[in-house]
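Reader: Please take a close look at one residue of this model and its surroundings, then carry on to the parts around it. I would like the cut-offs for the terms you use.

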Amino acid sequence: MTMNLLHIDASARPGRSDTDLHGSHTRRLSARFVERWRKARPDDRIDYLDVGQRPPAHVDGRWIHAAFTPPAAREPWMADVLAESDRLVDQLIAADVVVIGLPMYNFSVPAQFKAWIDNIVRVGRTFGFDRSRGAVPYWPLLAEAGKRVVLLGARGDHGYDAGGRIAHLNHTEGSVRSVLGYIGITDVFEAAVESDEFGGEQLAQSMRRAEQRVDELVDVLTATDTTLSAAAA
């Protein structure tokens, strides 16, 4: 059975660090993932979204007004305001696997990627809301969709992973996991390169480890579901 893969790049850098002097490490990792995926599953559909170079519009007051108006009560202008968000939500819903090149900017996600997050977290589309449910009126709408997300990061310093010396400063992957979990996506896998600001062999070793992890993730995610728990470790 064919699958749909959504490839998202969030880096402000337009090139890849393996082909461009000042290229992006996350674009390098996400491209490696997709290229390896194509070899394993050539019949799958792959959609590409470059929010780093072409970010979605940021949420504003008109967007909020439109999104929280019940569809049956929306005025014509509201459909126009939500059109981009609807396309992004449709794209996410259609995807079985989402691979995201996600650099750390100032300890968190790039603003361009946050704009994507704000557009896909939609009442009535990706989460439900009903005051009659009492103290917990929200629930995820994608919980039964079986989606998997791969976060491929890059960091200037080192020690951001769990248990690392500055793990407490990492608000990147954790924040994305929280948002995805809120809408029902909990199968999230990670790889990251560190030490970009140090360069040299320290960066090269980290890149080799990250690329190996990318290859392992592709192998696991294109194989049977029985191996997923090991990949998430």
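Author: With a relative accessible area of 18%, D47 is buried; buried stands for under 20%, exposed for over 50%, and partly exposed for what lies in between, with a 1.4 Å probe and protein chains only. The model is predicted: local features need pLDDT of at least 70 and side-chain atom pairs count only at pLDDT 80 or more, while totals for chains, interfaces and linings use all residues. Residues are numbered from 1 along each chain as its sequence is written, and side-chain values use heavy atoms, with hydrogens and water left out.

D47 belongs to strand β2, residues 45-50. Strands (E, at least two residues) and helices (H or I, at least four) are DSSP runs, numbered from the N terminus. The side chain of D47 is joined to that of R45 by a polar contact of 3.1 Å. A polar contact is a pair of N or O atoms within 3.5 Å; within protein, one atom must be able to donate a hydrogen and the other to accept it, and residues adjacent in sequence count only if both atoms are side-chain atoms. Leaving out residues up to four places away in sequence, D47 touches L5, L6, H7 and Q91, where contact means heavy atoms within 4.5 Å.

L6 is buried at 1% relative accessibility. Apart from residues up to four places away in sequence, L6 touches D47, L49, Q91, L92, A95, V97, V98 and V99. The C-alpha atoms of L6 and V99 are 6.3 Å apart in space, although 93 residues separate the two in sequence.

The strands come next. β2 and β1 belong to an open sheet of five strands, ordered β2-β1-β3-β6-β7 with parallel pairing; two strands pair if DSSP finds at least two bridges between them. β2 and β7 each pair on one side only, and they are the edge strands. On average, neighbouring strands of this sheet are turned by 15° against each other, direction ignored.

At the β7 edge, β6 and β7 pair in the parallel sense over seven bridges. Within this pairing, L152 has A191 of β7 as its bridge partner. Helix α7 lies across β6 and β7 and runs at about 155° to β7. Such angles run from 0 to 180 degrees between N-to-C directions, and the axes are lines fitted to C-alpha atoms, for helices over the stretch in contact.

S195 is found in the loop between β7 (187-193) and α7 (200-221). Its phi is near 70°, a positive value in a residue other than glycine. S195 is buried, with a relative accessible area of 3%. F107 also has a positive phi, about 75°, although it is not a glycine. F107 is placed in the loop between β3 (97-103) and α5 (111-120). At 36% relative accessibility, F107 is partly exposed.

F107 is among the residues that N170 touches, together with M104, R155 and Y160, again not counting residues up to four places away in sequence. N170 lies in the loop between β6 (148-154) and α6 (173-183) and is buried at 17% relative accessibility. The side chain of N170 reaches the backbone nitrogen of T172 at 2.9 Å. A polar contact of 3.0 Å joins the side chains of N170 and E173.

Aromatic rings are the last topic. In the whole structure, a search finds six aromatic pairs. The ring centres of F33 and W37 are 5.8 Å apart and their planes are at 20°, so this pair is stacked. Rings of Phe, Tyr and Trp (its six-membered ring) pair if their centres lie within 6.5 Å; planes under 30 degrees apart count as stacked, over 60 as edge-to-face and the rest as tilted. F33 and W37 are separated by about one helical turn because they are four residues apart in helix α1, residues 25-40. F33 is buried at 0% relative accessibility, and W37 is buried with a relative accessible area of 0%.

The pair of F127 and Y138 is tilted, because its ring centres are 6.1 Å apart and its planes are at 50°. F127 lies in strand β4 (residues 127-129) and Y138 in strand β5 (residues 138-140), so the pair ties together parts that are 11 residues apart in sequence. F127 is buried, with a relative accessible area of 6%, whereas Y138 is partly exposed at 41%. Ring pairs link F127, F129, Y138 and Y182 into a cluster.
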